[in-house]
Amino acid sequence: MTPVHNHGHGGSCCSGTPAPALVQLSEAPTAGSRLSTFRIEAMDCPTEQTLIQNKLGKLAGVQQLEFNLINRILGVTHDLPSTAPIVDAIKSLGMQADPIEEGVPAAEPPAKKHWWPLALSGVGALGAEVLHFTNAAPTWVIAVVALVSILSGGLTTYKKGWIALKNLNLNINALMSIAVTGAILIGQWPEAAMVMFLFTVAELIEAKSLDRARNAISGLMQMTPEQATVQQADGSWVELEVKGIELGAIVRVRPGERIGLDGEVTAGQSTIDQAPITGESLPIEKTVGDKVFAGTINQAGSLEYKVTAAANNSTLARIIHAVEQAQGARAPTQRFVDRFSTIYTPAVFLFALGVALIPPLFMAGVWFDWIYRALVLLVVACPCALVISTPVTIVSGLAAAARKGILIKGGVYLEGGYKLDYLALDKTGTITHGKPVQTDYLALFPNVEDSAPALAASLAGRSDHPVSLAIANAAVDKKLPIHVVDNFEALAGRGVRGDINGETYHLGNHRLVEDLGLCSPALEEKLFALEKQGKSVVLLLDKSGPLALFAVADTVKDSSREAIQQLHELGIKTLMLTGDNTHTAQAIAAQVGIDQAQGDLLPTDKLQAIETLYGQGHRVGMVGDGINDAPALARAEIGFAMAAAGTDTAIETADVALMDDDLRKIPAFIRLSRQTSSILKQNIALALVIKALFLTITFLGMATMWMAVFADMGVALLVVFNGLRLLRK
Ligand SMILES: Nc1ncnc2c1ncn2[C@@H]1O[C@H](COP(=O)(O)OP(=O)(O)OP(=O)(O)O)[C@@H](O)[C@H]1O
Ligand SMILES: [Cu+]
């Protein structure tokens with residue numbers, strides 16, 4: 001799916017709730033089912049979702065609906081021979097459904113609406129109001145002026161309201177239409193016009209604000225250049241459209257140019273500002289073999305790189321896609337609000353009906369007064385502010401995070417992050433750089449002194465575990481010979497095994513030596529001494545026992561220390577979980593100030609550690625990078641993946657993906673989550689309090705209809721702007 005650019009539109013009051021909720025209808029999908037997707041420009045609001053859901057739900061052969069209101073896309077799972085009945089059904093609701101075919105770019109959005117009907121509506125409403133106050137014209141003139149105003153500004157509202165009513169649906173358009181019509185019927189012409197005009201204006205401002213939140217994400221995509229310079233078969237360089245460039249092509253980047261595609265540097269050297277991906281604008285050195293990302297900015301040097309991903313599959317494209325998906329998922333508060341408003345709106349409607357009928361009928365009330373109050377109630381009844389406040393806040397928060405290089409995979413995590421009180425961290429690559437170097441070598445017998453390093457390096461060379469890499473690299477530096485290894489095997493959490501010249505060797509940690517039953521107190525003494533210095537120790541063994549000992553040391557990232565401190569300031573406890581030995585774990589934990597450390601953990605032990613914390617009533621997040629963390633990451637309430645930009649799976653699988661390896665992004669996430677949740681609460685409280693206040697005033701007969709519209713629109717705009725504040729964080 002390509003990102004969709006949204007343009008101004010006259011959405012309804014409640015436009016923009018991102019709600020892709022998957023709706024399972026009574027029929028279950030069968031083997032012959034297929035999925036058809038449609039773009040429906042007019043569908044951007046839960047109001048329309050309800051309409052469509054009710055209509056298509058009655059259509060035989062339709063099994064499942066998937067709504068993505070943010071992008072105005074509807075997915076229908078069905079077994080109909082053609083999509084015509086679906087298109088027709090949607091048409092009967094006054095909306096147009098355009099089938100989307102894979103790979104075909106979205107149709108141009110409809111031309112912008114003219115502004116003059118709205119202006120005319122405003123002038124008319126004001127004119128009617130003035131004429132009425134000054135008694136300058138007879139009633140019929142005022143009526144005509146008001147009518148012109150209502151028709152030029154509110155025809156769309158009337159149309160939508162009528163369709164909703166026909167489908168027995170009480171949405172804001174229906175409420176507004178009833179209120180305005182009611183006002184006309186009791187002769188309140190100027191007010192009817194003013195109400196319709198103010199409502200239309202409020203809608204417009206709202207729609208524009210929502211577009212801003214939506215576009216914050218798709219705007220990222222515009223950071224990739226349209227063209228790139230590609231090498232041809234004859235060695236010449238040609239400017240080509242980025243979209244058509246194939247995998248493996250060689251692209252040249254000039255100083256100061258933006259990178260067009262993801263790739264791997266094949267020549268040259270430069271520094272790159274990766275802020276569009278990682279949110280970190282400190283330039284990163286790039287040279288042959290390093291990865292470059294579409295959308296990032298090359299600085300002084302020149303580079304050539306080999307394309308590793310098509311334009312629509314670049315890291316940036318996948319980030320944007322992930323954020324759009326996240327915007328589509330309903331956050332918990334939103335579900336609450338949706339449920340609330342399905343009860344609230346009809347309840348207020350019934351209440352209004354009661355207010356209009358009961359006092360005049362049974363308590364000698366004046367018909368005019370009470371109908372008027374009932375109409376004002378209808379205006380107040382609009383749950384828009386409430387419905388709109390949540391999505392706009394979440395969408396803004398997700399966008400703000402993405403710009404910081406924090407990819408949040410759903411509003412749930414953004415909303416829930418503030419609840420975390422414990423963070424479990426993996427050691428290698430998360431707290432440390434994950435690039436250990438060999439620091440010590442000790443032969444346990446004089447006769448293996450010379451042969452052991454080459455044997456160890458031969459085994460290590462077959463593994464990409466950081467500890468193995470360190471040993472292999474040390475051998476490369478010393479130009480040691482490498483042996484052929486047969487029957488190589490990696491032993492998770494322990495080390496590796498393989499045959500060299502017919503002899504079986506093991507290279508691994510203390511646990512491995514224990515498992516093989518080859519340990520001794522004398523050996524442990526040597527091990528512990530090194531481990532207490534924060535080094536990881538592995539041993540080379542043949543079948544008779546340990547031959548030599550290698551220690552490697554990893555360095556702690558400066559940013560980790562700061563991140564831990566920030567987490568503690570936020571009141572979050574930290575716990576290090578590592579497969580490495582306990583002594584090393586504790587030494588490293590002490591260096592960065594982590595509260596607790598547990599070592600010698602297998603992947604299942606890490607999972608168990610998370611369970612234990614849950615058992616104590618904690619809300620636990622986990623951050624890791626390796627596969628050995630996968631079960632624990634999945635079990636944690638929020639699983640954070642590090643350095644996601646370079647790894648393909650992390651973006652897809654983690655709950656929250658940090659685009660680089662800077663742990664400080666986690667406290668940043670927590671802070672953003674806290675702000676989001678407090679804005680959500682502010683907005684709901686604001687909306688409810690003002691509504692309650694207004695209901696009271698109205699009931700007491702002190703409110704006029706356009707005060708009601710002002711209040712309603714005021715709250716709606718207030719909550720929208722409050723939500724948009726997150727974009728600036
Ligand atoms: N392929 C390997 N080569 C060498 N040593 C290994 C290998 N696999 C595991 N080990 C040893 O086992 C220990 C635990 O490994 P494991 O992969 O479970 O955790 P880790 O990656 O070191 O630490 P963390 O859990 O913090 O990521 C390592 O510290 C290392 O001593
Ligand atoms: Cu031992």
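This is a predicted model: local features need pLDDT of at least 70, side-chain atom pairs count only at pLDDT 80 or more; totals for chains, interfaces and linings use all residues.

Reader: At what angle do the axes of helix H3 (residues 116–134) and H4 cross?

Author: The axes of H3 and H4 cross at roughly 155 degrees and come within 7 Å. Angles over 145 degrees count as roughly antiparallel, and H3 is therefore roughly antiparallel to H4. The crossing in which H3 passes H4 is left-handed.

Reader: Which residues make that contact?

Author: On the H3 side, the contact is made by Pro-117, Leu-120, Ser-121, Gly-124, Ala-125, Gly-127, Ala-128, Leu-131 and His-132. H4 contributes Val-141, Ile-142, Val-145, Ala-146, Val-148, Ser-149, Ser-152 and Gly-153. Sorted by class, the contact of H3 with H4 has 10 nonpolar, seven polar and no charged residues.

Reader: How are H4 and H5 oriented to each other?

Author: The axes of helix H4 (residues 139–166) and helix H5 (residues 172–185) cross at roughly 120 degrees, again coming within 7 Å. H4 and H5 are therefore oblique to each other. H4 passes H5 in a left-handed crossing.

Reader: Which residues of H4 and H5 meet?

Author: From H4 they are Ile-150, Thr-157, Tyr-158, Lys-160, Gly-161, Ala-164 and Leu-165. Their counterparts in H5 are Asn-173, Ala-174, Met-176, Ser-177, Ile-178, Val-180, Thr-181 and Ile-184. By class, the contact of H4 with H5 has nine nonpolar, five polar and one charged residues.

Reader: Let us turn to cavities. How many of 30 Å³ or more does a search of the whole structure find?

Author: The general idea is that rolling a probe the size of a water molecule over the atoms shows where empty space is left. Here, a search of the whole structure finds seven cavities of 30 Å³ or more. The second largest cavity has a volume of about 50 Å³.

Reader: Which residues line the second largest cavity, and which helix gives the most to the lining?

Author: The lining consists of Phe-340, Tyr-344, Pro-383, Ala-385, Leu-386, Ala-687, Leu-688 and Lys-691. At least two residues come from each of helix H9 (332–362), helix H11 (384–403) and helix H22 (665–699). H22 gives the most, with three residues.

Reader: What classes of residue make up the lining of the second largest cavity?

Author: The lining of the second largest cavity has seven nonpolar, no polar and one charged residues.

Notes:
Residues are numbered from 1 along each chain as its sequence is written. Chains are lettered from A and ligands numbered from 1 in the order in which they are written. Side-chain values use heavy atoms; hydrogens and water are left out. Axes are lines fitted to C-alpha atoms, for helices over the stretch in contact, and angles run from 0 to 180 degrees between N-to-C directions. Helices (H or I, at least four residues) and strands (E, at least two) are DSSP runs, numbered from the N terminus. Angles under 35 degrees count as roughly parallel, over 145 as roughly antiparallel, 65 to 115 as roughly perpendicular and the rest as oblique. A crossing is left-handed if the near helix is turned anticlockwise from the far one by less than a right angle, and right-handed if clockwise. Contact means heavy atoms within 4.5 Å. Ala, Val, Leu, Ile, Met, Phe, Trp, Tyr, Cys and Pro count as nonpolar, Asp, Glu, Lys and Arg as charged, and the others, Gly among them, as polar. On a 1 Å grid over the protein atoms alone, a cavity is a set of points where a 1.4 Å probe fits but cannot get out, and a pocket is an open set with protein on both sides within 12 Å along at least five of seven lines; lining residues have an atom within 4 Å of a point. Grid points are joined across faces, edges and corners, and a volume is the space filled by probe spheres set on the points.
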